[in-house]
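Visitor: I am new to this structure and would like a close look at a single part of it. Please take me through that part slowly.

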Amino acid sequence: MAFQIDNLTTMEAFNTKIPDGPLFQKWTKYKSSVRLINPANRKKIEIIVVGTGLSGASAASALGELGYRVKSFCYQDSPRRAHSVAAQGGINAAKNYRNDGDSVFRLFYDMIKGGDFRAREANVYRAAEVSNQVIDHFTALGVPFARDYGGTLDTRSFGGVQVSRTFYSKGQTGQQCLLGAYSSLNRQISRGNVIMYPRREVLDLVLVEGKARGVIARNLITGETERHGAHAVVLATGGYGTIYYLSTLAINSNASAAWKAYKKGAFFANPSFIQIHPTSIPQLNKFQSKLTLMSESLRNDGRIWVPAKKGDKRLANDIPEEERDYYLERRYPAFGNLVPRDVASRAAKERCDAGYGVGDTGLAVYLDFRDAIKARGIKTIQDRYGNLFDMYKTITGINPCEEPMRIYPAGHYTMGGLWVDYELMTNIPGLYAIGEANFSDHGANRLGASSLMQAAGDGYFILPITIGNYLVDEIKELLISTDSKEFADAEKEVIGRLEKLLMIKGKQTASSFHKRLGEIMWNYCGMIRNKKGLEKGLSLVRDLKDEFWKDLNVPGTYKELNMELEKAGRVADYLDFAQLLITDALRRNESCGAHFREEYQTSEGEALRNDEEYAYVAAWEYAGEDKEPVLHREYLKYEEVEPKVRSYK
Amino acid sequence: MHFTLKIWRQKNSLARGSFETYNLDDVSPEMSFLEMLDALNKKLVEEDKDPVAFDSDCREGICGSCGMYINGHPHGPVPAITTCHLSMRYFRDSETIWVEPWRAKPFPVIKDLIVDRSALDKIQIAGGFVSVNTGAAPEANSLPVNKEKADEAFDSSICIGCGACVAACKNASAMLFVSAKVSQFALLPQGRVEARQRVRAMIEKMDELGFGNCSNSGACEAECPKQIKLVSIARLKREYYKSY
């Protein structure tokens, strides 16, 4: 019973700052009563934004437009390369352009339900509310969304909902939205409102008198560490899906900045809520460095099946209709192939584990376009998914128009993240987390096309308003000096750790440790979890951490471009973070959304929630090296919706 | 599969570089070119040698980070793909493969296969945007856009900014890159408002940064991993003449 220390601090630790009043008036009320800063004073305030994905780039540009002095950081050589660029399917908004009964409330409800009633009502409602502004803004920025013949915007339907509210640019909506945000960022750079620091990795957060006042960054070209001060720090650092090594994320995506914030006192919320995406191209070789997603939009026209006979080795096209098991349509007749991602992923794993999987490894299912091509013609299907088909063919050598695709689930999106209040501020004053880096909007499972929506909503329309409420008390502070002891100490610590990594001089590469960590996490803390496995996983991670600090090899020095050193630092953080993640999964004795505990399921194999005991956000506080973290519970109150058993039957 | 690799090694921007020879066994045909380099680097690190530095991130052909000259072609010999998508099954067993960084004056080498492409960002900063503030946008459907034009704008908008066009061009011209952004905005009513200023500012910046002119040889189009068409350079020129 090592975990019983939390209850007393639970209530006072949380000031969620959710405004009073009915759900649908909260944001309007907040906006009209929030304190403002006059434009002359904004010019004196500096804000650091870490990350230039959709949330970071949009926040930096919107803050720049308001006249703040913004410093923007990314590890890539250009802000345009952040991994939002790879989002494929689309971006949701409650425009109701289809007259199919959509509304802000329905989008909100779908997200709350899709998140299996583990998200905060007020934040989710606001995300739905600003979704329409996001579409207007991107359209004005020249983002080429798909259009209908009359010139109006087209939409398509996406997993887990029954309306058509997803705006898209073929299969590269993320690229188009990110390049839109990048263009608005560039405009602010050209005006001198934003200073861009590319090829920088943020390695620590600096607190002065308990407030976030800056960061220590490493210039990845020269290797030098740099001190950067500001009145507030915004983390837009994305998710931690690469903890599985193989995932749909960019290979350099990492959790280090968020982890450092956690170690400085920021709460980490629901770390075990990780979305496993159902439709990725399966692993093809043992040196594989990542898994490529095939957009969920394919499930609109593709039908998922496996052979009805166990171990059937015939070619897909040789298996007659009556010997195919369209298991999603069979198990979930109401939603069929469009069930949410967590449900689709588990169903695929269930079939493969039972011996019905296809391909050499047996770890794949078919996604078949034969019937759609027959019904709608090859041209229509090509128009919709052409670039995805090309990508699939490039990677596998198979043409999906002639043979069904093979797909398998892969680690994708992390619903968990830094704990934030209604203003998107963490519990550290002046430290904000936006986009995938925070926990607030997707509960235990995210619905398709809502990550671009949330990231842009946070960055363009929410943070720029809420941050003023904190900064208004900071205008008396002149520019933050980086000569203070706090900055010096933080920099010393960062350098000390770089040296420590370089001094191990063992035999193994950082990536080989990362790969083994990924295997542990996938096997014991992946799509399906149980107590015994989680405990085993935890002890394996601890052993691996010991081995890492004894047998890692990083050539070179830290005062030069050294990619092995970059990787080593990220893996070192993941080895710590993995333990928190597993601890969270162990403590949540229920199944909800993407968190599926074998012990808690219905007789039909569906997730069994426990609202009595677990309708809370698990916010973890760092308690020191190798000490059990402290759990704080933010109990979720549902005023407008009643938590129900999520059914897609 | 086995390969002999001749890779350009250069310690930093000031050092002189040269080709080094490496032999690599046990390459599987399913590996991507970058995964093959990962395997080489694993071997080098285990021998405590300096691994080959190269840029890559998304590894799914969309971020534009990766890019190198492979056997004389940007992103390798297979058309319309990025290096991260180049599969080793396209090479012959025991082949010698030459690997070099992008070669262009505005892209100085940082280390090995990594070059500095910040000049491309500078061109975008000069004018690659529509000047609209957050909150000022009209209702999205209030401005209908012809579907064909919107689709054409999309075809230009998919540039990933990898720099292959510059590297392929004997003049190190960035015309294809610039024309992609200029075309996207020129084709959409949202972008027409400041079309004149935009095209001039971007071209001026391009010249200032030392990119060469276009002499219509079309190498950029042939090597572009996203198949941006030469016709967009024609549109760029038209936009430029119209701006005076």
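Which residues touch the most other members of the largest nonpolar core?

Guide: This is a predicted model, in which local features need pLDDT of at least 70 and side-chain atom pairs count only at pLDDT 80 or more, while totals for chains, interfaces and linings use all residues. Residues are numbered from 1 along each chain as its sequence is written, and chains are lettered from A and ligands numbered from 1 in the order in which they are written. A nonpolar core here is a set of buried Ala, Val, Leu, Ile, Met, Phe, Trp, Tyr and Cys residues joined through C-beta atoms within 7 Å, where buried means that 20 or more other C-beta atoms, placed from the backbone, lie within 10 Å of a residue's own. The largest such core has 285 residues, and those touching the most other members are Val234(A), Leu235(A), Leu418(A), Tyr432(A) and Val166(B). Helix 17 of chain A, residues 563-587, gives this core its largest share, 13 residues; helices are DSSP runs of H or I with at least four residues, numbered from the N terminus.

Taking Leu418(A) by itself, and leaving aside its neighbours within four places in sequence, its contacts (C-beta atoms, placed from the backbone, within 7 Å) include Leu235(A), Ala258(A), Phe268(A), Thr426(A) and Phe439(A).

On chain B, Gln190(B) has its place in helix 6, and Gln190(B) counts as buried because 21 other C-beta atoms lie within 10 Å. Not counting residues up to four places away in sequence, Gln190(B) touches Ala140(A), Gly142(A) and Val130(B).

Methods:
Buried ≥ 20, exposed ≤ 12 C-beta atoms within 10 Å, placed from the backbone. Helix = DSSP H or I, 4+ residues; strand = E, 2+ residues; numbered from the N terminus. Contact = placed C-beta atoms within 7 Å.
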